[in-house]
Number of protein chains: 2
Amino acid sequence: MADPFRIGIAGLGTVGAGVVDVIQKNGALLAQRAGRPIEIVCVNARDKAKDRGVDLSGYDWVDQAEDMAARDDIDAVIEMIGGSEGTAYDLVKGGLGGGKHVVTANKALVAHHGVELAELAEGNNAGLAYEAAVAGGIPVIKGLREGAAANRIERVYGILNGTCNYILSAMESDGRDFADVLKDAQDMGYAEADPSFDIDGVDAAHKLAIMASLCFGTQLDFEGVELAGIRKILAADIAQARDLGYRIRLIGHAEIDGENGDACLFQRVSPRLVSKQHPLAHVTDATNAVVAEGNFSGRLLFQGAGAGDKPTASAVVADIVDIARGEMGPAFAMATGDLQAMQRAPSGHRRSKVYLRMMVADKPGVLAEIAAAMRDADVSIESLIQTEVEDGSALIAMVTHECREQAITDTLETLSGSDSLLGEPMVMHLLRD
Amino acid sequence: MADPFRIGIAGLGTVGAGVVDVIQKNGALLAQRAGRPIEIVCVNARDKAKDRGVDLSGYDWVDQAEDMAARDDIDAVIEMIGGSEGTAYDLVKGGLGGGKHVVTANKALVAHHGVELAELAEGNNAGLAYEAAVAGGIPVIKGLREGAAANRIERVYGILNGTCNYILSAMESDGRDFADVLKDAQDMGYAEADPSFDIDGVDAAHKLAIMASLCFGTQLDFEGVELAGIRKILAADIAQARDLGYRIRLIGHAEIDGENGDACLFQRVSPRLVSKQHPLAHVTDATNAVVAEGNFSGRLLFQGAGAGDKPTASAVVADIVDIARGEMGPAFAMATGDLQAMQRAPSGHRRSKVYLRMMVADKPGVLAEIAAAMRDADVSIESLIQTEVEDGSALIAMVTHECREQAITDTLETLSGSDSLLGEPMVMHLLRD
């Protein structure tokens, strides 16, 4: 059998330790699949004494992660530290610069510096692989980059954050409010103490920006992702959506808007109403799912565990096996020099059906006022439910016919000064089937 | 840019012509992704004059497909002829023997001769790729072989035949009987004039045998697939299953039964009851879906168009791009010498819940007779519905608690001589969640 493929693992959190576990448990099988043994040479973490549930005694301990980049006895650096800057960035840059392959699960790093790093990999004939950075254990980077390689991809979208999907699923099944479910999720370890990274959509935006670049051959533009999270969703929204035949999911969605010289990149993370006919409506709990629509393949769906130490480690090791086999195509599906810088798409002209919920004063004339504002903006209503909430206030939830997004903005602008509205209206676009 | 990757396409049916179409329409993008242009050098089909909706004027016409194997001006043969023997087999063998790469969509060829051909590819340093042979446009071979490479795969199963799923979906939504829906499907081109290859499960068995080898590192054993098709499913079965919370799907299912020296390969294609909680219950029409359960990844689901010229051509061209990039891992995920010959698993000891439907005489004592036979075989009933069908006969449908398959065989053996039973009982296993 060929020479071993020698790796150093930097960072031994749950995923890093999971990678050790996979290689220890499935080592013989990995050697068959890679055509050579995968050998862990060295590991690194902050605290050497900590018990991580795996035996590390056979590996060199490296105190400073950055030092791995310079070691002559490894072929690849496995970066499991996290964070877009600092040690992780320095290590990956150093490793690639020295011609070492790099496998990372670090979505922030790839979303912020992916193209720069891919360029460095190219220039040094090294592989840069990041399957685990998007949708955990699901081989979606491979599916998009290689499996869908024959296609001009027209849209890519999906459920990219397990925490949000867990919360929305629990709100749906239990009829509870957001804050209440979030607290439970935190207690059970499904959500961080500071949950904003997940629930405000930042994590999903990292993943979306990476997929958009890969699918459309564009430069990464994380800052160009429009962001809306799930904090403002009420139990009542979930109930109204259900009555109208929909479920609410946090969807990351990217597509190319316009053609040729006028092409712009549209990227948005926001809660959407998803028809019960659509497969994403049936994705519950912490599961992730990604849909890509190719001009030949049609709709492809990839679904599985979007987080967790074992699934994420599975994705990291799949990358290791690929590189050990010598299979390491361009990180973003084509040479970085071919990736286009693309304008951000304005959203006002985009057409979709819209869910609109308002808390209103329970008094005569309120509905007339709202209906008039919508008429003036040329928005027509497909269905509407008004329910009394408590003394003096009512909830109006509606789904519009397809209209320009600007028309909704105009409607809300007209209503913004009105004392009929109690609090901020909630706007969610419907996912086109 | 590097030298073009030169191909010859043998067979210009809808998929072969679709491959030409992909390369013509997405050529610039393919060149970026492959790092070199994909160039069609020659094509072959039986009838040169036929209009196939694509311009073939720029390509050499080859009268005898087998002649492509010997051409010096192509790097790869794209075999789109079909059939496990004859021209397709000779061409692929000749091509690989001469060190040419081969891409094929031919499931029968791969299911019957895959390992022999993979060996030939290995010996000649050529790639053999067959993504399109399983589940049409879904990159499931890649997902299993590479995406799930870190895992010991514990089970693989799925909806592998679009015609059957279309028929079952239509029976479900319209409440119609099998024969009636089949006729419509034939009229609309969703089913062949001789539909047995699809509806008796042979096509799904080809795909299952290929996936089993790939997932478990075993020799291909198409003849070892237990087969049951969908001909005997009544509209009443679908209705009863629905009332009990299930949908009926034709499922191909493989797993390793036992461990180490006692390990056996279990492969079965049969209609199953699938709980509405399971994602496969929501796969409708001609869509295919494959689930693989890895010891680290957990459950991975791949879903999309399982047939059709465009999706299938998308899969063929993905293979071409891979090989053009020099990425062509072992056809069955490891060297053919590592593939184990494995005993076929006996099924009698397998445990599952079972759906059992009988048409019975509508007279006193029938239920007592059936219940006694089940008691004697140690089968207990979870739920049972008896409905009158017409004068003198009734339908009994039940779901048992989990029991050994042999116990159901014993029950039916006991009842086989009884004049209470009208016709053959229907047995369908439930898919474990």
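**Close-up views of a predicted two-chain model**

**View 1. The open sheet of chain A.** In chain A, six strands lie in the order β3-β2-β1-β4-β5-β6 and form an open sheet with parallel pairing, where strands (E, at least two residues) and helices (H or I, at least four) are DSSP runs numbered from the N terminus, and two strands pair if DSSP finds at least two bridges between them. Because β3 (60–62) and β6 (128–129) of chain A stand at the edges with a single partner strand each, one side of each has no neighbour in the sheet. This is a predicted model, in which local features need pLDDT of at least 70 and side-chain atom pairs count only at pLDDT 80 or more, whereas totals for chains, interfaces and linings use all residues. Residues are numbered from 1 along each chain as its sequence is written, and chains are lettered from A and ligands numbered from 1 in the order in which they are written.

**View 2. Strands β1 and β2 of chain A.** Strand β1 (residues 5–10) of chain A runs parallel to strand β2 (residues 38–44) of chain A, and six bridges join them. Within this pair, A:Ile7 stands opposite A:Ile40 of β2(A).

**View 3. The surroundings of B:Arg33.** B:Arg33 belongs to helix α2 (residues 27–34) of chain B. This residue counts as buried because it has 29 C-beta neighbours inside 10 Å, the term requiring 20 or more other C-beta atoms within 10 Å of its own, with C-beta atoms placed from the backbone. Although B:Arg33 and B:Ala324 are 291 residues apart in sequence, their C-alpha atoms are 9.5 Å apart in space.

Key: Buried ≥ 20, exposed ≤ 12 C-beta atoms within 10 Å, placed from the backbone.
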